[in-house]
Amino acid sequence: MQISNRDQGREISKNELLKIAPFSKDQLTEIYRAGYLPKPQRRSFPGSKKPVYYWDESIGEQAALLYELLQWCRLDHRLRLPLWLRGYQVDIGPLRQGWLNSIDAFLRVYTQGETDDPRDNISDVISELEYKWEHTPTPHRPEDLRQLGPAALALAMELFLNVLLVPEYEPDETEFAQVLASLHAASGRVQQPQEKATEDFLSWLPMFQEILAFPRLREALERATPAAWEQARVDYLTFCQFAKNILAPVAIIHPVPEIMYVLLVASVGLYLVPIAVAMRYWGYGERIDDAFEWVSELAADLDTEERAWLEEQLAQRRAKLPG
């Protein structure tokens, strides 16, 4: 349902809006009270004391998208995030609080509120996990990890949780090498030289912890300004546009309905938007800008011979499809 740009700025009544997005009147009231649409303006009808409620006509596109989203899901974040990403008037507060609540829940489970040294509680969690893994029949374990013994699993999980929950944590090279060797042995994959893999891991670990260790991520989300949230929105949409441009030839064979694209963008955004906020908050915005510059160069290359070749191959494959 699209609204003509010709009449942007004109007023639209409640009844007119319901023709664009066929909510019931009660639903419409619930929707703008929840903040998915702006509240209507009120004024007196000429020659009558009866009030009239109206919006700017541009609200029609937002209402139409919201109506489509409600056909798929009614969870708050699944509605609010796509609308916010599209630049419509919605309150970011509930989204921000939802992210904070998720982090708090994770921290409660794995640290039990221990802020001085959460590793004490992590050790208890790991011991319980090791016991459960030891008594879980092999066929019931995840396929990629079936050959991983309890001690190796405990070592890997302890490293993972310490990195994620303790920003000051510094794993030693021997510890990581043991984890890496165990995981490679369990997966059966060809193992990269341990010295090189360990060096690579330890080189990016400090940045990872500064940005994504949960206490640091929480601080960034809690203190980010409205301008920082807007920058994260722009960063993420820029990423999505690059991805869409690069993958455009694939759409020749597998076209995606617009609403599915909106839902996909929002689903990935649940994870990447907070990361974008944290990266710029902790001073790593230059990494985002550098990545965009690199992708721009890649896209420019694909716009010439490589893109033409890919489009030709996809077109030939499509011609062979039934129907």
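This is a short tour of a predicted model, stop by stop.

**Before selecting anything.** Residue numbers start from 1 along each chain as its sequence is written. Local features need pLDDT of at least 70 and side-chain atom pairs count only at pLDDT 80 or more, while totals for chains, interfaces and linings use all residues; side-chain values use heavy atoms, with hydrogens and water left out.

**Whole chain.** Colour by pLDDT, the predictor's confidence in each residue, from 0 to 100. The mean for the protein chain is 79, and 74% of its residues reach 70 or more. Over residues 1-8 the pLDDT is below 50, and this stretch has 15 contacts in the model beyond near neighbours in sequence; contact means heavy atoms within 4.5 Å. Switch to cartoon: the chain has 13 helices and 3 strands, taken as DSSP runs (helices H or I, at least four residues; strands E, at least two) numbered from the N terminus. Of the 323 residues, 37% are buried (buried is under 20% relative accessible area, exposed over 50%, partly exposed in between, with a 1.4 Å probe and protein chains only).

**Select 25-33.** This is helix α2, with Leu28, Thr29, Ile31 and Tyr32 as its buried residues. Seen down the axis of α2, they fall within an arc of 160°, so they line one face of the helix; the arc is that of the directions from the helix axis to the C-beta atoms. They pack against α1 (14-20), β3 (51-56) and α3. On the other side of α2, Asp26, Glu30 and Arg33 are exposed. Gly35 follows α2 and has a positive phi, near 90°.

**Select 59-70 and 258-281.** The axes of α3 and α12 come within 11 Å and cross at roughly 80°. That makes α3 roughly perpendicular to α12, a label for angles of 65 to 115 degrees (under 35 is roughly parallel, over 145 roughly antiparallel, the rest oblique). Axes are lines fitted to C-alpha atoms, for helices over the stretch in contact, and angles run from 0 to 180 degrees between N-to-C directions. Show side chains: Leu65, Glu68 and Leu69 in α3 meet Ile259, Val262 and Leu263 in α12. The residues of this contact divide into 5 nonpolar, no polar and 1 charged (nonpolar: Ala, Val, Leu, Ile, Met, Phe, Trp, Tyr, Cys and Pro; charged: Asp, Glu, Lys and Arg; polar: the others, Gly among them).

Ile288 lies in helix α13 (residues 285-320) and counts as buried at 11% relative accessibility. Leaving out residues up to four places away in sequence, Ile288 touches Asp235, Ala276, Met279 and Arg280. The C-alpha atoms of Ile288 and Asp235 are separated by 7.8 Å, with the two residues 53 apart along the chain.
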